[in-house]
Amino acid sequence: MSKDKSIAIVTYYNNGSYGAVMQAWALQQALSKLGYKSSIVRYAMQYPLPSSPWRIFLSRSITSFKNRLRDYISRKFICSFAEKRLSLTSNTYKDIEELRQHPPKAEVYVCGSDQIWNTWRYDQGQSVDYGYFLDFGGAKKRIAYAASFGRATVPRGFQVAVKACLQRFDALGVRETASVGIVREICAKEAKVVLDPTLILESSDYSLLFAGQPSGGIGLARFILGSERSIVIGVTEKLKTLAQSEVVDAGGSVENWLLSIAKADFVFTGSFHAVAFSIIFHRSFLVLLRDGGADGRNVRLINLLSLLGLSDRAISSCSESDVAAIYQRPIDWEGVELRLCDLRINSIEFLRNALGG
């Protein structure tokens, strides 16, 4: 493919997630490094759906009010970052029908990383969102890069619904090992495990986002949903004692969220992308897995930690001895970087071959 041809990306970038907008930014940066220009499609169907401001005042408790207010504020910051930092299409598409009627003009369509193939809609009795399966337009190539189902299994009906779409892809890159099996079961095609776009880049690639930001260090940074839960409070208190430091909740602007992780002495999180950036910036961290085990929403975290030899950084209960052991255990960053370097090379090669073949 000639490098002056256009690429249109369909991915999550404005659904209220810091990780989602950062992976979108990172994918565009990775494509730029390979010499390609790209635009992210302004596709309004993103999940979870953005919340309306008025819902904040329907909260039944102070905790709920604080969570909804924090969510609303973070969404405003994320939207601002997307408009400022991403290259977006001029047209906005509200649903798959608009994509089909007036598809983005591009030679290649790429569906990007994050849980774009999650079965959220299908599980709620709604139709599959075919926009994220690139079921529109007449592009010469369709590529999936680090697409994720976000789980280890998907319903049979969902498989049947997306089979024809997946068969049309010229290259299938998925983010988790489990997704390889899912793709094979759906359409008998072989997918390749590739890194989330954020991990393709190195720490120096993110430095331009820090321009003008405070450079002071942070002791203990926390980014975890449901911070009022007893297990989260318990782990936090133990870490505060060990670190002899107060906790700073990462948030605010996307740049501040990223900087909070980059400058922390230790990161406590349950977020895939907070873990990814802890690794990128060589920050020691502890991961709190959610209820559901490897078959649930932990699959992407478990896979990443396993790939990099960091499985011992995760816990699922508030065991004081486990928390202390992880906090005191140093990470072999040289070993991590050796593994990560190989994965980066393979992932970039996949992208280069998919675009250029």
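**Exercise 1. Which residues does Phe285 touch, not counting residues up to four places away in sequence?**

*Solution.* The model is predicted, so local features need pLDDT of at least 70 and side-chain atom pairs count only at pLDDT 80 or more, whereas totals for chains, interfaces and linings use all residues. Residues are numbered from 1 along each chain as its sequence is written, and side-chain values use heavy atoms, with hydrogens and water left out.

Step 1. Apply the contact rule, which asks for heavy atoms within 4.5 Å. With residues up to four places away in sequence not counted, Phe285 touches Phe266, Val267, Val275, Ser278, Ile279, Leu305, Leu310, Arg313, Ile326, Ile331 and Trp333.

Step 2. A charge sits over a ring if NZ of Lys or CZ of Arg is within 6 Å of the ring centre and within 35 degrees of the ring normal. The charged end of Arg175 likewise sits over the ring of Phe272, 4.1 Å from its centre.

Step 3. A nonpolar core is a set of buried Ala, Val, Leu, Ile, Met, Phe, Trp, Tyr and Cys residues joined through side-chain atoms within 4.5 Å. The largest one has 69 residues, of which Met22, Tyr145, Tyr206, Ile279 and Phe285 touch the most other members. Helix H1 gives the most to this core, with nine residues. A second, separate core of 39 residues includes Val41, Tyr109, Cys111 and Ala147.

**Exercise 2. Describe the ring pair of Tyr12 and Tyr132.**

*Solution.* Step 1. State the rule: rings of Phe, Tyr and Trp (its six-membered ring) pair if their centres lie within 6.5 Å; planes under 30 degrees apart count as stacked, over 60 as edge-to-face and the rest as tilted. By this rule the count comes to 19 aromatic pairs.

Step 1. Classify the pair. The ring centres of Tyr12 and Tyr132 are 5.1 Å apart and the planes stand at 80 degrees, so the pair is edge-to-face.

Step 2. Locate both residues, with helices (H or I, at least four residues) and strands (E, at least two) taken as DSSP runs numbered from the N terminus. Tyr12 is in the loop between strand E1 (6-10) and helix H1 (18-33), and Tyr132 is in the loop between helix H4 (120-123) and strand E5 (141-147), 120 residues apart.

Step 3. Judge accessibility: buried means under 20% relative accessible area, exposed over 50%, and partly exposed in between (1.4 Å probe, protein chains only). Tyr12, at 3%, is buried, and Tyr132, at 1%, is buried as well.

**Exercise 3. Determine how the buried residues of helix H6 are arranged.**

*Solution.* Step 1. List them: in H6 (residues 177-187), the buried residues are Ser179, Val180, Ile182, Val183, Ile186 and Cys187.

Step 1. View the helix down its axis, taking the arc from the directions between the axis and the C-beta atoms. The buried residues of H6 fall within an arc of 165 degrees, so they line one face of the helix.

Step 2. Find the cover, which includes helix H5 (156-167), strand E6 (171-174) and strand E7 (192-193).

**Exercise 4. Is Val160 buried or exposed?**

*Solution.* Step 1. Val160 is found in helix H5.

Step 1. Val160 has 54% relative accessibility and therefore counts as exposed. By contrast, Thr236, in helix H8 (residues 230-243), is buried at 4%.
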